Amino acid sequence: MSYQVVSNLEQVLSALKNRGENSRIIAGGTDLFLEKLPEKLLDISALAEALVIEERGGTMLIGAAVTHARAVASPLLAKKVKALTEACAQVGSPQVRNLGTLGGNVINAAPAADAAVALAALGAKAELIHYSGNTRTVEIEELYAGFNCSAIDSCQELLLRFVVNSSDSGSGSAFARLAARKSLALPLANAAAWLRVEHNCLQEVRLVVAPVKPAPTRLFKTESLLVGRPLIAESWREAAGAAMDEVEVRGSLLRCSADYRRHLIGVLVGRVLETAAGRALTAKGEA
Amino acid sequence: MPTETDIITGDRKTDRGFQTPEVWAKITGKAIYGIDLKLPGMLYGKILRSPHPHARIMGVDLEQARRMPGVRAALAGDELSCKPFGMVYKDELPLAIDRVRYIGDEVAAVAAIDEKIALKALEAINVDYELLPAVFDTEEAMAPGAPQLHDQHPGNLAWQRELTRGNPEAAFKTADLVVEGSFSVPQVHAAYLEPICCVADYDPYGGLTLHTAVQSPDIVRELVADVLDLPVSKVRIIGPVMGGGFGGRVYGNLKVYIISSLLAIRCGRPVRMQLTRQEEFIAGRPMIAAKIRAKLALNQDGTILARAVDLITDNGAYSAQAPWVSKTLSERNDSVYRIPNIRTTVRLVCTNKVPTGQYRAYGNQVGNFAMESLLDMAAKKLGLDPLELRLKNCVKKGEVTVHGLRINSCALSDCLQAAADEIGWHKRKPGRGYGISAAIHAGGSLVFDKNMRGASAYARLEYDGRVTLFSGEQDYGQGTHATFILIAARALGIEPDQIIIYSRDTLTSPFSIGALAMRQTTIGGKAIQLAAEKLREKIAQTAAEMLGEPVVMEGGRVRSATGKTLELSEIAADYRFQTSGLSITGEGKYVPSESAYDDTGYGNIAVAYSFAAHTAEVEVDRETGEVKIIRIVAAHDSGRILNLISARGQVYGGVTQGLGYSCQEGYLFDGGRVLNDSLADYRIPTALDVPDIMPIFIEQDDPEGPFGAKGLGEIVMVPVLGAVANAVADALGIRVTDLPITAERVYQAIVEWECEQ
Ligand SMILES: Cc1cc2nc3c(=O)[nH]c(=O)nc-3n(C[C@H](O)[C@H](O)[C@H](O)COP(=O)(O)OP(=O)(O)OC[C@H]3O[C@@H](n4cnc5c(N)ncnc54)[C@H](O)[C@@H]3O)c2cc1C
């Protein structure tokens with residue numbers, strides 16, 4: 001077995017190129033270590049380009065190797081992408097958060113990965129670099145190929161960072177989840193919302209819930225129902241009902257029934273909308 | 001509050017905060033646990049388990065496995081000649097012969113030079129099964145025509161009991177109020193962090209040595225000797241440091257001990273066998289599941305008149321201690337309050353599921369959940385404060401309870417009052433729910449083994465003047481040894497750091513029935529006290545002969561009437577020379593007097609009874625059903641607290657486990673298959689789940705216990721379940737009667753309630 005810690009982008013790309021099929025990117029390793037480890041590992045947890053947290057001209061750049069713990073500690077993220085902060089704060093346990101990364105959370109492709117759900121609601125895009133040098137930028141949802149199966153081949157392509165538009169004034173976001181205990185339990189359901197408010201009405205909404213489909217699931221119908229609505233309890237209640245109608249969920253003997261999961265999704269949707277709307281108003285007040 | 005009552009709360013500075021050096025070994029990672037042990041030439045043993053809940057074994061083919069390189073032995077049941085064994089019924093064999101009765105039943109075993117090869121060898125064993133119909137539900141198992149598990153248990157009834165005290169029929173007829181409820185509780189695992197592990201080592205001259213940490217090594221030793229047909233003196237158990245027991249390791253896993261021994265005897269080399277976490281869950285011995293139907297009769301003023309209980313417990317495939325646990329579960333709660341009339345039926349039913357054993361508090365906590373729920377249901381109907389209802393009926397010092405328990409010390413009403421005051425019972429915060437619950441638990445049993453009611457110990461003066469204690473009572477983290485050292489230090493008048501204690505070897509330690517029934521401080525500690533007092537007497541006697549005048553022992557040395565002093569080392573040296581090598585020893589034997597205990601189970605069962613009242617403060621999210629435990633106040637009467645730091649540790653740990661029992665834990669089955677067979681899916685509380693826990697000790701001396709002390713280790717969990725259930729019901733106005741009280745259960749209860757409205 002070989003283990004290489006890379007510190008710059010050229011190193012990653014040339015290593016991916018030269019080491020062939022069974023060399024794989026590892027970040028925090030919290031997911032990878034649960035499986036049989038590949039022969040060669042390329043540790044990107046010190047890769048400077050993947051560790052950025054900064055705002056450049058109305059765009060937030062968030063490195064894929066940023067750990068959940070670091071994301072939680074960042075005042076900039078708390079200000080601009082609160083849903084992500086809230087999601088990262090609830091991943092796994094303190095130990096898992098100290099190691100696990102945002103990139104790993106998405107590429108691991110678990111259907112209810114918390115950070116992935118928040119990133120999808122925030123409209124984040126993923127910047128990828130292939131070892132050939134080709135780069136591309138894709139939606140979070142496009143990174144999924146199936147249940148627990150990523151569309152990205154981590155032996156060939158690096159997820160470098162996420163980009164999130166942070167220029168909209170009057171926007172806010174929120175994340176919520178419910179799990180069977182306070183740490184070390186995957187969520188029974190989670191939800192995240194991003195929305196933009198004008199004249200005390202919703203102008204734009206992105207609403208994401210999980211676990212429903214393999215990827216974080218956008219609730220397009222519910223979103224369209226909300227556009228133009230006032231920021232009142234009635235709107236959140238209706239959205240909760242619409243979300244319950246829109247999702248098709250599964251239950252299990254081990255976690256919870258489908259009925260309860262559907263109910264939870266409704267409750268969480270109402271809550272994240274209300275919280276996000278409150279934040280949007282506050283942001284407007286400050287602007 | 002009575003003035004003589006000394007209440008310890010919070011972080012009061014105390015001299016009772018002693019820990020043995022083993023704590024530091026654990027904290028610094030140096031302690032050697034069972035799973036760390038390696039012996040030269042050691043082999044690795046693995047067990048092949050049944051994948052079927054019920055099947056006939058038509059044949060086991062070991063040939064291919066035996067021929068694999070690195071495999072040293074492969075065993076199946078039909079080639080062994082072991083006697084059936086079991087704590088209550090002899091219903092188990094080391095390896096199944098003709099039938100398997102649950103998914104996980106032991107069918108074959110191998111020993112190989114490493115674990116990988118052993119696992120490969122299991123895959124090479126071919127077992128031919130003929131599937132039999134299986135039964136998983138207790139009610140279905142009792143129905144006519146149900147598949148039968150054991151010839152000795154017709155109708156699948158492993159044990160039953162019908163008990164009447166007083167005249168319950170009449171009481172139920174004349175009562176002002178009768179409340180009824182049905183409750184259910186799943187199997188729960190003790191989930192000690194170190195899975196059970198054993199290294200068995202055999203040589204034909206020395207005999208069999210088992211290196212394994214178990215709460216009752218002497219009992220296990222006798223049982224293993226019997227099953228393997230070895231003289232008891234040729235079986236020795238040496239215990240490494242134990243990674244948690246919590247009652248789940250009282251007899252550990254007998255199969256592991258016996259199978260590793262059989263393999264070691266066969267191979268002539270040490271064999272190590274360690275359960276995986278999955279094996280712990282599917283083939284360990286979790287606490288029984290229970291369905292409880294109960295009724296309570298009361299007068300308008302809240303006086304309890306009668307209680308009726310119909311209990312069905314799920315034995316699983318083999319009994320282990322399930323009958324004993326069922327008995328405690330069904331009756332211990334009857335003695336918390338004055339209840340003159342009792343009617344109890346118990347049916348322990350065999351199913352094709354994991355066999356059951358025990359967990360801290362022996363079922364008392366399960367009964368607490370049902371009984372304390374009923375009390376609050378009654379309080380609500382009567383319009384009485386749940387605290388007042390309990391204060392009115394709770395048992396008091398000097399009373400004899402309905403089952404004949406003699407209460408010689410009891411501060412239960414003080415506990416109730418203190419727990420209520422501290423949680424703010426009369427200063428409730430809006431939006432929160434408050435619950436209270438009370439418990440009794442027997443400290444040491446006079447009837448568990450009527451011939452072995454007490455305990456014994458030796459104390460030895462070493463040549464350097466220090467003291468070594470020998471006891472059969474195991475310390476697995478609960479602090480027993482620290483407490484024993486404090487008891488001896490007090491009896492001898494020397495510093496605790498001059499004393500060490502050794503208990504981990506059946507060759508050198510006095511016999512003990514083990515760390516169970518909350519007997520260690522009360523009974524084991526008393527033996528230590530007596531041994532130390534005896535040693536003190538003999539030291540003084542030797543010194544008096546040396547000096548030729550009367551002496552007193554004080555401050556760690558001996559002083560004579562004329563002011564001459566002798567160090568303990570000088571006395572030890574003199575004794576050594578006089579006896580050509582012996583040390584001064586003190587023997588302590590504590591033999592509590594026999595109990596008149598009749599066939600109906602009436603009579604005093606313990607030397608002392610501990611009491612507790614807990615209060616819970618919770619918040620319930622009415623939309624998601626999520627329960628947030630804000631605070632638990634745990635008020636305890638365990639007599640005089642000898643080592644505050646250990647006592648508080650017991651409360652924190654036991655309450656946390658009780659919270660897991662209340663809201664998170666429990667086996668989930670799909671037919672006979674355990675679904676949550678890992679610590680990822682079987683969710684014990686994590687550090688972040690632990691709320692604010694406040695221990696309060698109401699200290700009143702018990703007349704019998706050492707320096708006034710009584711037991712604490714098991715009762716700490718008991719009231720939690722009732723207190724939490726009652727707090728949730730108080731917050732919601734709706735009661736959840738099935739454990740665990742998960743968010744989904746609360747949500748369902750709300751939905752059902754709304755449908756009924
Ligand atoms: C006990 C436990 C509890 C958990 N609880 C939660 C939870 O509550 N919520 C939740 O969302 N998750 C949870 N997880 C999952 C996990 O911790 C997170 O998904 C974490 O963010 C994964 O990040 P990582 O850096 O550790 O990934 P790694 O294990 O390092 O990698 C995961 C996968 O992503 C690939 N990869 C990683 N980084 C890149 C990159 N930059 N480019 C290309 N490929 C990459 C790897 O090759 C691998 O296939 C839990 C995990 C454990 C072990």
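Which residues form the covered face of strand S20 (residues 499-502) of chain B, and which the uncovered one? In this predicted model, Ile499(B) and Ile501(B) make up the covered face. Ile500(B) and Tyr502(B) make up the uncovered face. In a regular strand the side chains alternate between the two faces of the sheet.

## Strand pairing in chain B

S20(B) pairs with strand S19 (residues 467-471) of chain B. The sense is parallel, and four bridges link the two strands. Thr468(B) stands opposite Ile500(B) of S20(B). Between S19(B) and S20(B) the chain passes through helix H13 (residues 480-492) of chain B. This β-α-β crossover is right-handed.

## Ile117(B)

Ile117(B) sits in helix H3 (residues 115-123) of chain B. Its relative accessible area is 19%. Buried means under 20%, so Ile117(B) counts as buried. Leaving aside neighbours within four places in sequence, its contacts are Met68(B), Pro69(B), Gly70(B), Val71(B) and Ala112(B).

Ile117(B) and Val467(B) are 350 residues apart in sequence. In space, their C-alpha atoms are 48 Å apart.

## The ligand site in chain A

A ligand oxygen atom is 2.6 Å from a polar backbone atom of Gly28(A). A ligand oxygen atom is 2.7 Å from a side-chain N or O atom of His68(A). A ligand nitrogen atom lies 2.9 Å from a backbone N or O atom of Leu159(A). On its own, the ligand has 980 Å² of accessible area, and the protein covers 91% of it.

Conventions
Residues numbered from 1 in each chain as written. Chains lettered and ligands numbered in written order. Predicted model: local features only at pLDDT ≥ 70, side-chain atom pairs only at ≥ 80, totals over all residues. Heavy atoms only, no water. Buried < 20%, exposed > 50% of the residue type's maximum accessible area, 1.4 Å probe, protein only. Pairing = 2+ DSSP bridges. Right-handed = clockwise from strand over helix to strand, strands pointing away. Contact = heavy atoms within 4.5 Å. Polar contact = N/O pair within 3.5 Å; in protein donor to acceptor, adjacent residues only side chain to side chain. Areas by Shrake-Rupley, 256 points an atom, 1.4 Å probe, with all protein chains shown as cover.
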